[in-house]
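Here is a short note for someone opening this structure for the first time. Please read the points with the structure in view.

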Amino acid sequence: MNKYTVRLSGHGVESVFVALNEDSFSFWFQKQNEEDFTIEEYLCNPEDFEDIPEEFNFLIKDGEASYWDDHEGIFCQLSGPDLDSCFITVDKVEDDGSYEEILCEKFQDFIEKHENIIEHLESEVQYDDIPEQIMECNSYEKGTIFGDTFEAETFDPKLLKVSIAEGPNGVDYLCSVHYNGIELDNTEYCVRGKGMVVNVWEK
C-alpha cells in the first residue's frame with residue numbers, strides 16, 4: 001500500500017451564525033452602521049466594550065468573556081474552503097518523507113472532469129428553523145483548509161467523495177471528505193487569518 005495526501009488549499013472561512021431577538025437585532029444593526037464602531041473589534045475583545053448594555057453583550061456572562069466562536073447564542077457554525085477558487089492537490093508520500101505530486105488543479109476543474117465527486121447533503125439548519133434576525137460572523141483564512149493522508153494501491157479520483165451542504169446564508173460549505181468509503185480527518189489544516197467580516201441581517 002502507498003500513502004497519499006489530499007489537500008484543499010487557498011482561501012477559506014469559518015462562519016458563525018448568532019440568533020438575535022428583535023431588540024438585539026435593532027441594537028447591533030445600528031452599531032453595524034456606525035462609523036466609529038466595528039462589531040469585529042467587539043467580537044475579538046468584548047471585555048474592552050464596557051458601554052454595551054448587558055442585555056446585548058452576548059459575549060460577557062457573569063463577568064466572564066466568551067470566544068466569538070464558542071458561546072450559547074450560536075445556532076449554526078460552519079467552515080471550509082472557498083469551493084469556487086480553491087485548489088486540490090494529491091501527493092504520493094515517499095518512504096523518505098518526500099512528496100511526488102500526482103495532481104494539482106483548481107477544484108472546480110477537477111469536479112468537471114470527474115462526475116459524482118460532489119455529494120449534496122441536507123442543510124444542518126432547515127430554512128424554517130433559521131431565526132428571523134441573525135448576526136453572521138465570517139473569519140477568513142488562507143492556507144491548507146482541509147487535508148489528510150490515506151493509504152491506497154494507487155490514487156483513483158473516482159473513489160474521492162466530497163460532501164457539501166448549504167449554510168443559512170445560501171453558501172455551500174464543506175462537510176466531509178471520503179476516499180474509498182473511509183472518512184478523512186483534517187490533520188493537515190494549516191492557515192493564517194486574513195480578517196473578519198460581520199453582517200447583521202434579517203431572513
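Which residues are linked with Arg7 in a network of salt bridges? The points below begin with that, and the model they refer to is a predicted one.

1. The network. Arg7, Asp91 and Glu188 are joined by salt bridges into a network. In general, side chains of opposite charge can pair when their charged atoms come close. The model has six salt bridges by the rule applied.

2. Arg7 and Asp91. The closest N and O atoms of this salt bridge are 3.2 Å apart. The pair links distant parts of the chain: Arg7 is in strand β1 (residues 2–20) and Asp91 in strand β5 (residues 87–93), 84 residues apart. Both Arg7 and Asp91 are buried. For Arg7 the relative accessible area is 15%, and buried means under 20%, so Arg7 falls in that class.

3. Arg7 and Glu188. Here the closest N and O atoms are 3.4 Å apart. Glu188 has a relative accessible area of 25% and is partly exposed.

4. Lys158 and Asp156. Another salt bridge joins these two residues, with the closest N and O atoms 3.3 Å apart. Lys158 is exposed, at 66% relative accessible area, whereas Asp156 is partly exposed, at 22%.

5. Glu64, in strand β3 (residues 64–65), counts as exposed because its relative accessibility is 56%, and exposed means over 50%. Asp62 is in the loop between β2 (60–61) and β3 and is exposed, with a relative accessible area of 82%.

6. Positive phi values. Asp62 also has a phi near 55°, a positive value in a residue other than glycine. Asn180 is not a glycine either, and has a positive phi of about 55°. The place of Asn180 is the loop between β10 and β11.

7. The open sheet. Four strands form an open sheet in the order β7-β9-β10-β11, with mixed pairing. β7 (118–120) and β11 (182–183) are at the edges, each with a single partner strand, so one side of each has no neighbour in the sheet. Strands β9 (residues 160–166) and β10 (residues 172–179) run antiparallel and are joined by seven bridges. Glu166 stands opposite Asp172 in β10.

Terms used
Residues numbered from 1 in each chain as written. Predicted model: local features only at pLDDT ≥ 70, side-chain atom pairs only at ≥ 80, totals over all residues. Heavy atoms only, no water. Helix = DSSP H or I, 4+ residues; strand = E, 2+ residues; numbered from the N terminus. Buried < 20%, exposed > 50% of the residue type's maximum accessible area, 1.4 Å probe, protein only. Pairing = 2+ DSSP bridges. Salt bridge = Lys/Arg side-chain N within 4 Å of Asp/Glu carboxyl O.
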